Amino acid sequence: QVQLVESGGGLVQAGGSLRLSCAASGRTFSNYAMGWFRQAPGKEREFVAAIGWRGRSTYYADSVKGRFTISRDNAKNMVYLQMNSLEAEDTAVYYCARGSRLYSTGKGATAHYDYDSWGQGTQVTVSS
């Protein structure tokens with residue numbers, strides 16, 4: 001099974017930026033779509049962004065579109081989430097996840113059950 005480890009979270013003021021990283025290990029990491037989810041206190045885990053297995057297709061939740069950018073470097077087994085213009089509402093634990101479907105473009109993969117492996121999460125706190 002693939003192992004995922006997120007990093008890059010922290011405390012930032014509203015309007016600032018953070019870049020999250022997800023390091024993956026496993027033979028077939030590059031053959032799967034990857035996604036980012038987040039979970040705020042008292043709320044359910046929600047979809048943030050997804051990227052296809054080749055890194056050519058990306059999808060975003062409406063709440064982050066235009067502010068966040070997902071990318072990947074398959075040669076390094078890394079996935080990134082660049083977060084700009086952060087808002088207090090972005091405060092959450094952010095999770096990296098691997099899609100369950102081989103060679104997926106990531107289209108439609110917006111639910112928790114569309115992914116089969118998860119990292120431990122990294123905390124992002126945005127202060128007003």
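Which residue in β11 stands opposite Val12? The points below answer this and go on from there.

1. **Ground rules.** This is a predicted model, in which local features need pLDDT of at least 70, side-chain atom pairs count only at pLDDT 80 or more, and totals for chains, interfaces and linings use all residues. Residues are numbered from 1 along each chain as its sequence is written, and side-chain values use heavy atoms, with hydrogens and water left out.

2. Val12 stands opposite Val126 in β11. Strands here are DSSP runs of E with at least two residues, numbered from the N terminus. Two strands pair if DSSP finds at least two bridges between them. Strand β2 (residues 10-13) pairs with β11 in the parallel sense, over four bridges. Strands β9 and β11 run antiparallel and are joined by three bridges. Ala92 has Val124 in β11 as its bridge partner.

3. **Two faces of β11.** Side chains alternate along this strand. Thr122, Val124 and Val126 point to one face and are buried. Buried means under 20% relative accessible area, exposed means over 50%, and partly exposed is in between (1.4 Å probe, protein chains only).

4. **The core.** A nonpolar core is a set of buried Ala, Val, Leu, Ile, Met, Phe, Trp, Tyr and Cys residues joined through side-chain atoms within 4.5 Å. The largest one has 34 residues, and Trp36, Leu81, Met83 and Tyr94 touch the most other members. Elements giving two or more residues to this core include β3 (18-25), β4 (32-39), β9 (92-102) and β11 (122-127). The largest share, five residues, comes from β5. In soluble globular proteins, nonpolar side chains tend to be buried together.

5. **Met83 and Arg67.** Contact means heavy atoms within 4.5 Å. Not counting residues up to four places away in sequence, Met83 touches residues including Leu18, Arg67, Tyr94 and Val124. Is Arg67 buried or exposed? Arg67 counts as buried, because its relative accessibility is 12%. Arg67 lies in the loop between β6 and β7.

6. **Aromatic pairs.** Rings of Phe, Tyr and Trp (its six-membered ring) pair if their centres lie within 6.5 Å; planes under 30 degrees apart count as stacked, over 60 as edge-to-face and the rest as tilted. The whole structure holds five such pairs. Phe37 and Phe47 have ring centres 5.7 Å apart and planes at 75°, so this pair is edge-to-face. Phe37 is in strand β4 and Phe47 in strand β5, ten residues apart. Both Phe37 and Phe47 are buried. Trp53 and Tyr103 also form an edge-to-face pair, with 4.8 Å centre to centre and 70° between the planes. Trp53 is partly exposed at 22% relative accessible area, and Tyr103 is partly exposed at 44%.

7. **Charges over rings.** A charge sits over a ring if NZ of Lys or CZ of Arg is within 6 Å of the ring centre and within 35 degrees of the ring normal. Arg19 lies over the face of Tyr80, 4.0 Å from the ring centre. The charged end of Arg45 sits over the ring of Tyr95, 3.8 Å from its centre.

8. **Positive phi.** Most residues other than glycine have a negative phi. Ser85 has a positive phi of about 50°, and lies in the loop between β8 and β9. Tyr103 has a positive phi near 60°, and is found in the loop between β9 and β10.
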